[in-house]
Amino acid sequence: MLIPVLPSIRNKLQITSFQVSLLITVYSAVAILLIPIAGYLSDRFGRKIIIVPSLVITGIGGLISGLAAWWMEHPYVVIMLGRALQGVGAAGAFPIVLPLVGDIYKNESEVSKSLGVVETANTLGKVLSPILGSILAFVVWYLPFLTIPVLCAFSTLLVAFLVKSPQKKDNKEEKVTFREFLQNLKKIFGNNGRWLSAIFAIGCICMFVIFGTLFYLSDTLEDKYRIKGIWKGCVIAIPSAVLCLASFLTGKKIGENKKLMKWITFSGIAIITASLVVCGFIQSLYWLIGLVSLAGIGIGVTLPCLDALITEGIDKAERGTITSIYSSMRFIGVAVGPPLASILVKCSTQIMFFSIAGTCVVAALLALFAIKPSKEDL
């Protein structure tokens, strides 16, 4: 919700583009550190026990940011503290959903399909939130912050009463000590380190692309093309919308076919790379939106494949930990995207797009050579 209103927040608080980008970064940076811990705790004590308090903490963080913006003359520091608290909550929310889906379903094709739905829901939030954020900010610029507690309260009730976690048959799994946890983690990476590291890196790069390009698009629409308010939110929602549709269709298609997942991942990253390179040469707004949307399709087909490869390739006992580390890597991309885009665009738009495309080349090579579906690896 904040992406389209970051320029307005920048003007209201009289801060720089880099400073306002840190509103995204601080949230993600805190989550990066805490997500693996949340994953371990969810493996030991259960998914819902972690998700519900995390949603409450996220809501409190949003409330602090909103009230600071409403009541204080110079609220930037307190808003940042509220965003940091949101990051604490975020660490135990969405990242734990992925292993929860893996726990609920026994059939791998059902897991893949359900993860596709979850990833679609995740991206659907990215579609609706720029529009919602723009509408709320039209009323008053800090209203998006105050909406977060409402959304979290609603989500908390849904999870608490409608989600039924499967009971573990072996109670000893819940008594794993932290030392045993570290030993298991070392063993997992010893056996699966190559393809896991590749998937972690690719997930990070995908999030870097999404948030870097959307941050650039938000600034460009307002500063260069004078598109503001609700219309701006609608334009920013276009790439997310095609990403969402691509995630949904891919989740339904991939099933249990890990080789197909690999080649869809490689093809998706190739599409992203080509789109970003061409973005560096064009000046038209319509072409820019079209190419960023094409990159969104590439990301949309890639993410469900990464989710499924991890969730289906790791035993349930360690699934929460591994998917949480994966989520941490994705949050690194979220954290780095906006501030790095704000720095690179000062050099030139071409340098920004070519630099982002360069990271995608790395991701493509990892998908091609490091992800090798076989009985030994997966």
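**Entry 1**

I began with F354, which is partly exposed at a relative accessible area of 32%. My scale is this: buried is under 20% relative accessible area, exposed is over 50%, and partly exposed is in between, with a 1.4 Å probe and protein chains only. Before going on, I noted that this is a predicted model, in which local features need pLDDT of at least 70 and side-chain atom pairs count only at pLDDT 80 or more, while totals for chains, interfaces and linings use all residues. Residues are numbered from 1 along each chain as its sequence is written, and side-chain values use heavy atoms, with hydrogens and water left out.

How many aromatic pairs does a search of the whole structure find? I got nine. Rings of Phe, Tyr and Trp (its six-membered ring) pair if their centres lie within 6.5 Å; planes under 30 degrees apart are stacked, over 60 edge-to-face, and the rest tilted.

I looked at W141 and Y142: the ring centres are 5.6 Å apart and the planes stand at 85°, so this pair is edge-to-face. W141 is buried at 14% relative accessibility, and Y142 is buried at 12%.

Then I came back to F354, which pairs with F281 in a tilted arrangement, 5.3 Å centre to centre with 50° between the planes. F281 sits in the loop between α10 (258-279) and α11 (285-313) while F354 is in helix α13 (residues 349-369), so the pair ties together parts 73 residues apart in sequence. Helices here are DSSP runs (H or I, at least four residues), numbered from the N terminus. F281 itself counts as exposed, at 56% relative accessibility.

**Entry 1: a cluster, and charges over rings**

Which residues form one aromatic cluster? I found W70, W71, W141 and Y142.

Next I checked for charges over rings, meaning NZ of Lys or CZ of Arg within 6 Å of the ring centre and within 35 degrees of the ring normal. The ring of Y27 has the charged end of R83 over it, 4.6 Å from the ring centre. The ring of W263 has the charged end of K262 over it, at 5.3 Å from the centre.

**Entry 2: salt bridges**

Side chains of opposite charge can pair when their charged atoms come close. I counted a salt bridge when a side-chain nitrogen of Lys or Arg is within 4 Å of a carboxyl oxygen of Asp or Glu. The structure holds six of them.

R10 meets D219 in one, at 3.7 Å from N to O. This links distant parts of the chain, with R10 in helix α1 (residues 6-13) and D219 in helix α8 (residues 178-223), 209 residues apart. Both R10 and D219 are buried, R10 at 13% relative accessibility.

R10 also bridges to D223, where the closest N and O atoms are 3.6 Å apart. D223 is in helix α8 too, 213 residues from R10. D223 is partly exposed, with a relative accessible area of 38%. I wrote R10, D219 and D223 down as one network of salt bridges.

Where else did I look? R330 forms a salt bridge with D307, with the closest N and O atoms 3.5 Å apart. R330 is in helix α12 (residues 316-347) and D307 in helix α11, 23 residues apart. Are these two buried or exposed? R330 is buried at 5%, and D307 is buried at 1%.

F154, L157, L158, F161 and L162 make a nonpolar surface patch of about 570 Å². For patches I took residues with over 30% relative accessible area and no salt bridge, joining nonpolar side chains (Val, Leu, Ile, Met, Phe, Trp, Tyr) within 5 Å; areas come from the Shrake-Rupley method with a 1.4 Å probe. F161 lies in helix α7 (residues 143-162) and is exposed at 59%.

V159 is also in helix α7, but this residue is buried, at 15%. V159 touches K48, I51, V52 and L55, leaving out residues up to four places away in sequence; contact means heavy atoms within 4.5 Å.

**Entry 3: S275**

My last stop was S275 in helix α10, buried at 1% relative accessibility. S275 touches L291, L294 and A295, again leaving out residues up to four places away in sequence.

Key:
Helices (H or I, at least four residues) and strands (E, at least two) are DSSP runs, numbered from the N terminus. Patches are made of residues with over 30% relative accessible area and no salt bridge: like charges are joined within 9 Å, nonpolar side chains (Val, Leu, Ile, Met, Phe, Trp, Tyr) within 5 Å.
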